[in-house]
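Dear colleague,

Please find the structure below, handed over for your records.

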Amino acid sequence: MPSLKDVKTKIGGVKKTAQITKAMNMVAAAKLRGAQQKMEDFRSYAEKFNAAMGNLSSAMDSGAFPLMEKREVKNVEILVVTSDRGLCGSFNANILKMTEKLMASLEAQGKKVSLVCVGKKSANYFRKTGKVRQRHVDLMGTFQMFNARAIAQDIAGNFLSGGSDEVRIVYGKFKSVAVQRPAEQMFLPIQPNVVEAAEATSSSAGSYIYEPSTEEIMEVLLPLYMNVMVYHAMLEVSASEHAARMTAMDNATSACKDIIHSLTLIYNKARQAGITAELMDIVGGAEALK
Amino acid sequence: MAEKLKLEVVTPKGAIVSKEVDIVTAPGYGGEFGILANHAPFLSTIKIGVLTYKTGSQEETLMVSGGFCEVSNNKLTFLVESAERGTDIDVARAMRAKERAEKRLAEAQAQKENFDRTRAEAAMQRALSRLKVAERHKPS
């Protein structure tokens, strides 16, 4: 039987923890709103961008661009996007697990895998494997388009110089506030059919006048398209991170409440037992005096 | 009444402008170009510069950085990395940026470094466009 004082301290401690998790929940909720807004703002840009890419790609032959070139795949690079901070349930773990699985299956096929990690969680997790080629940490809190551009440029550079023949992205997709799923996507070479799918919906426009030529426009658009992809993945991850943390912290707070409840029961029982014992003593003493 | 053109300026941070206008002038790949209603489908890259659009006698300007624009069915969509109104531009900061870019340019010229030079030139372009937009905004 734990002593009265022990239980009381424990209750105090759990109460403090509940306070912290509650606060973290509220902070995550506020940040989630911001991240969702950012995603919402970006959506119109991404949609229009894809439509324009679709219009363009239908007009030209995809083999002409180094970023779209398909090679025999020997080296695969995986861009893993996770959050910088933990305490958000199994969100990061799911992404990392998916990455591991993908790595294992690629390696089973005899391909070499290198990693580009965005976010501290993936960078630390994969550090010991020695496969991390590049790490970008401490930017998930306040990233901008130019952060995504730096990452995209680095990956494109490696792809163009032959360091990788294929690049994939693994990130956390934001389905809803309650559901976030890890997702995998082909990144490089840029596939014309992905773009053409978007085009089917917006094929109303006739033949365009291009200035400069389609080829030169593509030279500008393809890197931009990469930026858009990376930025999009980062936005999804940051929204998912906050949503996951919100749920995790909500669970933690209710778990704390349960613990407090059961501890209070124990405390009251112990108190009552103490009182009963004392009464017995008094009664026993009075009895002895008779 | 002349036909109108629906102008949309979209950046990764959301739509900046979405309204009916008469004429749009933009810094295209081959120099400034103007777009009126009923323009043929058109797609061009956009350089850093000043975007002007007019509704009736009211003229407004925006500073835009690189991207591209698409015209079809009287809809004009600009997809740019950033767009700023004259009121949002910090003139002092743009001035400082201009001076900094000038210095860098001079340095790059001396050392014949191509990479620094393109960057400095882009910075210079941005600063100059910002100043221009801010300047035009002042009298009104």
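Predicted model: local features only at pLDDT ≥ 70, side-chain atom pairs only at ≥ 80, totals over all residues.

I begin with one residue of chain A. A:Arg133 has a relative accessibility of 30% and counts as partly exposed, a class that lies between buried (under 20% relative accessible area) and exposed (over 50%), computed with a 1.4 Å probe on protein chains only. The side chain of A:Arg133 meets that of A:Asp154 in a salt bridge, with 3.5 Å from N to O; the term stands for a side-chain nitrogen of Lys or Arg within 4 Å of a carboxyl oxygen of Asp or Glu. This pair links distant parts of the chain, 21 residues apart, with A:Arg133 in strand β3 of chain A and A:Asp154 in helix α4 of chain A. A:Asp154 is likewise partly exposed, at a relative accessible area of 21%. Helices (H or I, at least four residues) and strands (E, at least two) are DSSP runs, numbered from the N terminus.

Residues are numbered from 1 along each chain as its sequence is written, chains are lettered from A and ligands numbered from 1 in the order in which they are written, and side-chain values use heavy atoms, with hydrogens and water left out.

Other salt bridges

Over all chains, the structure holds 16 salt bridges. In one of them, A:Glu184 is joined to A:Arg168, with the closest N and O atoms 2.8 Å apart. Here A:Glu184 lies in strand β5 (residues 180–188) of chain A and A:Arg168 in strand β4 (residues 166–174) of chain A, 16 residues apart. A:Glu184 is partly exposed at 35% relative accessibility, whereas A:Arg168 is buried at 17%.

In chain B, B:Lys4 forms a salt bridge with B:Asp22, and the closest N and O atoms are 3.6 Å apart. B:Lys4 is in the segment before β1 (5–11) of chain B, while B:Asp22 is in the loop between β2 (14–21) and β3 (23–28) of chain B, 18 residues apart. Both count as partly exposed, B:Lys4 at 25% relative accessibility and B:Asp22 at 21%.

The interface of chain A and chain B

The contact (heavy atoms within 4.5 Å) takes 25 residues from chain A and 22 residues from chain B. Between them the two chains bury about 2,100 Å², 64% of it on carbon and sulfur atoms; buried area is the accessible area (1.4 Å probe) that two parts lose on being put together, summed over both. A:Tyr45, A:Lys48 and A:Glu211 supply 30% of the area that chain A buries against chain B, more than any other three residues.

Two salt bridges are found across this interface. A:Arg149 and B:Glu81 meet through their side chains in a salt bridge of 2.2 Å, N to O.

The bridge partner of A:Glu211 in β5(B) is B:Ser44.

A loop residue of chain A

A:Asp138 is found in the loop between β3 (132–136) and α4 of chain A, and is exposed, with a relative accessible area of 55%. Leaving aside neighbours within four places in sequence, A:Asp138 is in contact with A:Asp84 and A:Lys120. The C-alpha atoms of A:Asp138 and A:Ser83, 55 residues apart along the chain, are separated by 8.9 Å.

Chain B as a whole

Chain B has two helices and 10 strands, and its sequence reads β-β-β-β-β-β-β-β-β-β-α-α. The C-alpha trace of chain B spans about 55 × 35 × 25 Å along its principal axes. Of the 140 residues in chain B, 44% are buried. Among the contacts in chain B with a separation of 6 or more, 53% are between residues 24 or more positions apart.

Methods. Pairing = 2+ DSSP bridges.
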